[in-house]
Amino acid sequence: MLMAAVLSANSGHAAIIITEIMYDPLGTEPAAEWIEIYNNGGSAVDLQNWQIDDIAGGESAATLTTSSFSIAAGGFVILSTRTLSVFNSTWGTSLSSAQFLQLASWAQFNNTGDEVRLLDSSSVVQSSVTYTESSPWPSGGAAGTSYGFVGDLGDASAYTLGGNWRLSSTLDGVLTSSESDTGSPGIQPVPEPVHFTLFCALGLLAICGGRTWLDSRRSRQKLNPVFQHSGFEASP
Ligand SMILES: [Ca+2]
Ligand SMILES: [Ca+2]
């Protein structure tokens with residue numbers, strides 16, 4: 001019922017969708033958690049006084065920013081409690097200040113299932129997705145790998161369907177952080193080719209394992225080896 005209510009609320013003006021959820025990082029929680037959002041509308045949206053929250057009645061909602069901040073049409077923004085420089089050095093990314101919002105507080109997300117909600121400045125839910133670690137979501141989950149949306153970015157409701165999400169470790173073009181987390185902050189990866197998935201399914205682990213090892217080395221080589229801790233700590 002909740003999902004139906006959200007879809008109804010979004011119909012006609014959905015623009016900001018949730019596209020990646022780092023909910024169970026290997027890095028220290030909640031500092032290493034982050035959320036990626038995307039503007040699939042035709043114009044910029046001001047996120048001033050928007051909030052991010054987990055399931056209704058859970059922890060306190062966290063304000064994205066009290067200042068004017070526009071997410072461009074077709075643009076991604078990462079929400080995190082870390083500074084931009086720490087995030088970029090941890091992930092080896094080059095996110096700009098227009099692609100990143102550092103939050104002063106955080107609604108920590110559960111490691112086996114939760115809801116991610118974005119509320120506008122009037123506290124109206126504008127985007128919401130409920131994830132689990134069972135079908136139709138990728139089964140099993142895994143600490144250290146985000147959930148990434150691989151559906152149609154232009155579809156206002158596709159992101160709410162678990163079948164359109166993958167563990168980032170099964171996607172091409174993802175990064176590995178200096179904390180060994182896997183994700184695609186600020187980019188939209190694609191599922192690995194079917195033929196490769198079939199090779200793995202057939203038990204050719206020597207090939208699959210070797211490729212994973214090479215990918216991991218390539219990703220790590222891009223990263224700044226010095227990880228600066230933000231000092232933002234809390235229990236998972
Ligand atoms: Ca968590
Ligand atoms: Ca992404």
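Strands, like helices, are runs assigned by DSSP and numbered from the N terminus, a strand (E) having at least two residues and a helix (H or I) at least four. The model is predicted, so local features need pLDDT of at least 70 and side-chain atom pairs count only at pLDDT 80 or more, while totals for chains, interfaces and linings use all residues. Residues are numbered from 1 along each chain as its sequence is written, and chains are lettered from A and ligands numbered from 1 in the order in which they are written.

The strands β1 and β2 belong to an open sheet of six strands, whose order is β8-β7-β2-β1-β11-β12 and whose pairing is mixed; two strands pair if DSSP finds at least two bridges between them. At the edges of this sheet stand β8 (100-102) and β12 (165-167), each of which pairs on one side only. Within the sheet, β2 (residues 34-39) and β7 (residues 76-80) run antiparallel and are joined by four bridges, and Glu36 has Ile78 in β7 as its bridge partner.

A further open sheet has four strands in the order β5-β4-β9-β10, with antiparallel pairing. Its edge strands, β5 (62-63) and β10 (125-132), each have a single partner strand, so one side of each is left without a neighbour in the sheet. Seven bridges join β9 (residues 113-119) to β10, the two running antiparallel, and Gly113 has Thr132 in β10 as its bridge partner.

In the loop between β8 and β9 lies Ala107. This residue is buried because 22 other C-beta atoms lie within 10 Å, where buried stands for 20 or more such atoms within 10 Å, exposed for 12 or fewer, and partly exposed for values in between, with C-beta atoms placed from the backbone. Although Ala107 and Ile55 are 52 residues apart in sequence, their C-alpha atoms are 9.3 Å apart in space.

Asn49, in the loop between β3 (45-46) and β4 (51-53), counts as partly exposed because it has 17 C-beta neighbours inside 10 Å. Ser180, in the loop between β14 (175-176) and β15 (182-183), also counts as partly exposed, with 14 C-beta neighbours inside 10 Å.
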